[in-house]
Amino acid sequence: MQQKKIIFLASDCESSRWVYNALEETSAFDAVILEQPVSKKELAKKRIKKIGILPVAGQVLFSVFIVPFLRIKSKKRKAFLINQYRLSNTDFNSSSSTYRVNSVNDEGCLNTIQQLQPDIIVVNGTRIISKKILQSTNAIFINMHVGITPWYRGSHGGYWALYNNDIENFGTTIHVIDAGVDTGAVIKQVFIKPEKQDNFTTYPILQVAVGIVALKEILADIIAGNYKTTNHTEKGKMYYQPTWWQYLTGGVR
């Protein structure tokens, strides 16, 4: 019998609903906290400060001209994968109390977590969580990262593994969240190989699907108090969305 209080802390997006509905089959969430998505303008400003205006311009061009084409091309493949892995896009269960906040790092989220006093917080697709939030509770924060850390931190870990001709590291990491970016202790890593018909828009579906299976097992272990973690001394590399020229040259290569 489940004796731990579990909450789901996520952005309100398709992958979050996939994860939530799958985990609800074996673990009951006491509450759901959903944050508002980061505006594209705010995201672009932060990204420019980190990597410069030229790469960000290339990322915008990739998003505007290439991603829509890939989505259309992969519509049938996406539907097939969703059906194969039984990924449900049903909205969050009304039986769980749902709280909406502007950001995982604002006072509203902080107060809600302190009020709920959870034992486990499952995270999906949020902003980087601040130290203030992480230190506000004794709960363990668990994240499913679509990439193999520490080598593929940040965004689109599966794509970058293929870009680097490193298909052995195409997979998903379940890790404890710490104050860094995808640097927390690893609980489990799972791997999968994409098919020829997969592309940038379907890689994350494969990674989420295998990650969900691992996450179900890990939650059961955490509830039972029986899990281990591995710390990596390597920092790895931080990746972002590709620019249009990276995508084209990578595809040719």
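This is a predicted model: local features need pLDDT of at least 70, side-chain atom pairs count only at pLDDT 80 or more; totals for chains, interfaces and linings use all residues.

Residues are numbered from 1 along each chain as its sequence is written, and side-chain values use heavy atoms, with hydrogens and water left out.

Select Cys109, which is buried, at 0% relative accessible area. Are they bonded or apart? Cys13 is in no disulfide, and the nearest cysteine sulfur, that of Cys109, is 15 Å away. A disulfide here is a pair of cysteine sulfur atoms within 2.5 Å, and the structure holds zero of them.

**Stop two: the rings**

Switch to the aromatic side chains. A pair of aromatic rings is described by the distance of the centres and the angle of the planes. Rings of Phe, Tyr and Trp (its six-membered ring) pair if their centres lie within 6.5 Å; planes under 30 degrees apart are stacked, over 60 edge-to-face, and the rest tilted. By that rule the structure holds 16 aromatic pairs.

Pick Phe170 and Tyr203. Their ring centres are 5.5 Å apart and their planes sit at 85°, so this pair is edge-to-face. It links distant parts of the chain: Phe170 is in the loop between α7 and β7 (171-176), Tyr203 is in helix α8 (residues 203-223), and the two are 33 residues apart. A word on those labels: helices (H or I, at least four residues) and strands (E, at least two) are DSSP runs, numbered from the N terminus. Both Phe170 and Tyr203 are buried.

Then select Phe62, Tyr152, Tyr159, Trp160, Tyr163, Phe200, Tyr239 and Tyr247 together: ring pairs link them into a cluster.

**Stop three: the second largest pocket**

A bit of grid work first. On a 1 Å grid over the protein atoms alone, a pocket is an open set of points where a 1.4 Å probe fits, with protein on both sides within 12 Å along at least five of seven lines; lining residues have an atom within 4 Å of a point. Grid points are joined across faces, edges and corners, and a volume is the space filled by probe spheres set on the points.

The second largest pocket has a volume of about 270 Å³. To show its lining, select Tyr159, Leu162, Tyr163, Asn165, Lys196, Asp198, Asn199, Tyr203, Tyr247, Gly250, Gly251 and Arg253. Which elements give two or more residues to this lining? They are α7 (157-163) and α9 (244-252).

Colour the lining by class and you get five nonpolar, four polar and three charged residues. The classes put Ala, Val, Leu, Ile, Met, Phe, Trp, Tyr, Cys and Pro under nonpolar, Asp, Glu, Lys and Arg under charged, and the others, Gly among them, under polar.

While you're at the lining, click Asn165. Its phi is near 55°, a positive value in a residue other than glycine. Asn165 lies in the loop between α7 and β7 and is exposed, at 72% relative accessible area.

Look for His156 in the loop between β6 and α7; at 25% relative accessibility, it counts as partly exposed.

Now go to the peptide bond from Thr149 to Pro150, which is cis, with omega near 5°. Thr149 lies in the loop between β5 (140-145) and β6 (153-154) and is buried, at 2% relative accessible area. Leaving out residues up to four places away in sequence, Thr149 touches Thr173, Asp182, Val186, Gln189 and His232. Contact means heavy atoms within 4.5 Å.

Arg77 is in helix α4 (residues 75-84). What is around this residue, beyond four places in sequence? Arg77 touches Glu195, Gln197, Asp198 and Thr202, and is buried at 12% relative accessible area.

Finish at Gln3, in the segment before β1 (6-11). Gln3 is exposed, at 70%.

How values were computed
Buried means under 20% relative accessible area, exposed over 50%, partly exposed in between (1.4 Å probe, protein chains only).
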